[in-house]
Amino acid sequence: MEPINDTLWEVAKQRAKFKKQLTSYVLVNAFLWCLWLFSGDNQYRQRHLNNEYFEEHFLNFQLPWPVWVMFFWGIGLVSAYLKAYHGNNVFSAEKEYEKLKNQSK
């Protein structure tokens with residue numbers, strides 16, 4: 001058995017963690033959208049979709065609540081993606097230094 005490279009092992013763990021988070025994100029949000037779809041609030045909107053009520057209150061239309069869960073959880077998911085697949089290279093001082101060094105040549 002070959003020795004484990006600690007850096008590669010950490011990258012592999014971060015990527016596996018991200019994949020688990022992504023799976024959870026998809027499954028939980030699918031469940032929340034189904035819950036919203038079959039809730040009374042959504043059925044009320046569907047009944048009034050073609051009525052004057054909808055036209056009168058169109059400006060007061062609210063986003064479905066699962067949108068907010070997806071948005072804020074998605075911010076964390078993007079952060080986990082950047083950490084797993086781009087590591088410290090996204091905002092790396094060494095990377096910027098190398099760019100400047102190559103430009104000055």
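Q: Before I read this model, what does contact mean here?

A: Contact means heavy atoms within 4.5 Å. By that rule, and not counting residues up to four places away in sequence, Tyr25 touches Met70, Trp73, Gly74 and Leu77. The model is a predicted one, in which local features need pLDDT of at least 70, side-chain atom pairs count only at pLDDT 80 or more, and totals for chains, interfaces and linings use all residues. Residues are numbered from 1 along each chain as its sequence is written, and side-chain values use heavy atoms, with hydrogens and water left out.

Q: Which residues make up the largest nonpolar core?

A: In soluble globular proteins, nonpolar side chains tend to be buried together. A nonpolar core is a set of buried Ala, Val, Leu, Ile, Met, Phe, Trp, Tyr and Cys residues joined through side-chain atoms within 4.5 Å, where buried means under 20% relative accessible area with a 1.4 Å probe, protein chains only. Here the largest such core has 5 residues, namely Phe18, Tyr25, Leu77, Ala80 and Ala84.

Q: Where is the kink in H4 centred?

A: Helices are DSSP runs of H or I, at least four residues long, numbered from the N terminus. The bend at a residue is the angle between axes fitted to the seven residues ending there and the seven starting there. In H4 a kink of about 25° is centred on Gly74, and Gly74 is also one of the buried residues of this helix. H1 is included in what covers the buried residues of H4.

How values were computed: Buried < 20%, exposed > 50% of the residue type's maximum accessible area, 1.4 Å probe, protein only. Helix = DSSP H or I, 4+ residues; strand = E, 2+ residues; numbered from the N terminus.
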